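Subject: Structure handover

Hi,

Here is the structure I promised to pass on.

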Amino acid sequence: MRAGVYSRLLTSPEAIRLIGQEARIDPGLIYAEGPFESNQPRAAQEPTASERSDQVAGEQDAYRLQFQSTDTLPIITIFSQAPTPDEANRLANGAAQGLATYVRQLQDQRQVPAAQRVEIRQLGQPAARTVNSGVGLRIAVLVFVLVFAAWCAGVLIVTRLVHNWKTAGRLADQGEGEWPVTTAPSESDPRHSGGERSADRRELERTT
Amino acid sequence: MPWALAAVLTLVWLVPIDAVSVKVSLPVDSKIDRFAIVALVLAWMLFGGDRRPRGRRPAAFLVAAGVWVAVAFLSLVVNVPRVIRLGEFELSQKQLALLVAFGVFAWFATAALRPSELRAFSVLTVVLGTICAIGVIVERKTGYNAFYEISRAILSPIANVGPSPTMINPDPLRFDRPQIVGPTEHGLAVTTMLSIAMPFALLALLDARSRGRKFAYGLCVALMLAAALSTERKTGIVVPVVVVVVLLIYRGRELLRLWPLVFVFAVFVHVTSPGALGTITSLNGFLNTDSSAGRTSDYAAIMPDVVTRPLLGFGYGSLDVAKANTYRILDNEYLGQLLQAGLIGVAAFLAMSIAAVAVARPAARSPDAARASPALAGLAAVVGFAVASALFDILSFPQPVYLFLFAGAVCTAAATGLPGREPARARTRAPAPDHGGPARRALAPEPQPRGAPVVVGPALAVPPASRRWDRRLG
């Protein structure tokens, strides 16, 4: 229970500032979250809009900490994430030392008697390793597929465009490609059936 | 090629594809449907494609599907740093592989289907849907999921089949309803599958002329309805109702003649699946249930993400629902697409349905029976899918998506060879028969006087200039 309280304490801005100092990392680049109540129903675990706002704001931070604790043991498990294994180790160590410093400062300020003081101890050294090796190659494949698809689509569109353009030009040369005629046929133009009919009528009137 | 398509459809209907993992290590999920899709492509290459003649095919649906896939890729590429930082790249990669499988299937189905095969594929859909329905009804009665058990028995040498999620007597503290899933992982998915098959069966019932066929197709519809209600999901009522409404719009008079069948179906459902009709009463207070409240609470909760990345979202496939403290399970695929691929992604996802409907409409009104009924069935199935997408995260389950893409391909095939733009004057001159639907009209064409314009299809009385204009547009 107490471990949960300290875990929450570790996500406060003051604690993150101390962690940054200990790890020699800009505190503005550190995002910390947890602990999560994993034994609750899912609906209770899902983030509300305000919780999600905090998470979204922290997604840009490259240095990430996650704290986990259980009700039965006075232990906080720290997961750290950084661009390099060395920085991830430093961040995890910094979190443990930062918590110890933070709690010691609080107890000093409030003059807690030595017998009642809480002592924070780091139980082991962190072991960092790269979890997404080969991701560069996969991203390259992803970008290649996207660019290749875009290129193919572009080639198809341009080829179709050029073909239609040439066809339209050929039809225009052959006199078939005019735009559809929408004007009313002229009386004086005997090529139109109406014109032919009126010319015939005039011819008929003259002969009679 | 049509046989290959039929084989994949059979696989989708009868095998729990999202629970069958082939014993091969791949960088993406080694689900059996991915292998089937690869087999489709290999078959296409082996036989040099489909060389049978075909008419002019409307490209709208396929282009919309392609755009959707492209937008999904783009959303991920744009958000790669974030996705990697949060450790969600693996999941996105798997989702993209599934998306590519969807895209390839859409292309294959559209390329392989011919108008002359639509009737055969409609019958196949009805048969597969009926087998699926029988399996679901048996599952509800006995708890035996034949799809999982038979697949496990047959595929065990080459694949691992996961356990069936079926629970006919669940712990009431954990589940409020039995888990009846058929060949899927969730009752909602199998309900949507059956709803997609239902218009094919209903139209076959309308078009059937012999009493035996009428009885057979009526039985198929009743079984599908009983199975959909057996899952005790509200979607099992809402989507079939939407499908029937679409059919009523186009062939209302014929369909309304069948209204006495409603009572027959009700009795049949009660006998085959006792208690399933109670799902209808659950619609009472539809908007006040816990699930409905959960849906509405999603709107506010996703706003931070939407406001932060409105256009392309935070990357397709990176919504990891296993992280309960980070992401919500959104009971609305449009919201899911909005989060993952942004407004452009939602528009692209919705455009597929709109394109399929737009393509199918002229074919559904065609007097050619071989086109009209499949086109209308495909149209109704697509609309049903679009509505189901608003009711749950439909892309989490591959089967309804494959069937939706098949329905889109049916719409496209039905419209293949139809004239693209028909002059309005010519259309209004065509006499509108005052009896029967399109199918009956084609079966019994009215005699035309000699010398009159040929009233065979919508391409009647097109002036030569307009024909040239059409060709240039094409």
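Let me begin with one residue pair: A:Gln68 has A:Thr77 as its bridge partner in β3(A). Please keep in mind that this is a predicted model, where local features need pLDDT of at least 70, side-chain atom pairs count only at pLDDT 80 or more, and totals for chains, interfaces and linings use all residues. Residues are numbered from 1 along each chain as its sequence is written, while chains are lettered from A and ligands numbered from 1 in the order in which they are written.

That pair belongs to β2 (residues 63-69) and β3 (residues 76-81) of chain A, which run antiparallel and pair over six bridges; strands count as paired if DSSP finds at least two bridges between them. A hairpin of six residues links β2(A) to β3(A).

Now the interface. In chain A, 28 residues are in contact with 29 residues of chain B, contact being C-beta atoms, placed from the backbone, within 7 Å. On the chain A side, α3 (42-45), α4 (49-58) and α6 (135-173) are the elements that give two or more residues. The most come from α6(A), with nine.

As for chain B, its secondary structure amounts to 20 helices and two strands (DSSP runs numbered from the N terminus: helices are H or I, at least four residues, and strands E, at least two). Of the contacts in chain B between residues at least 6 apart in sequence, 80% join residues at least 24 apart.

Happy to chat about any of this!

Best wishes

Conventions. Contact = placed C-beta atoms within 7 Å.
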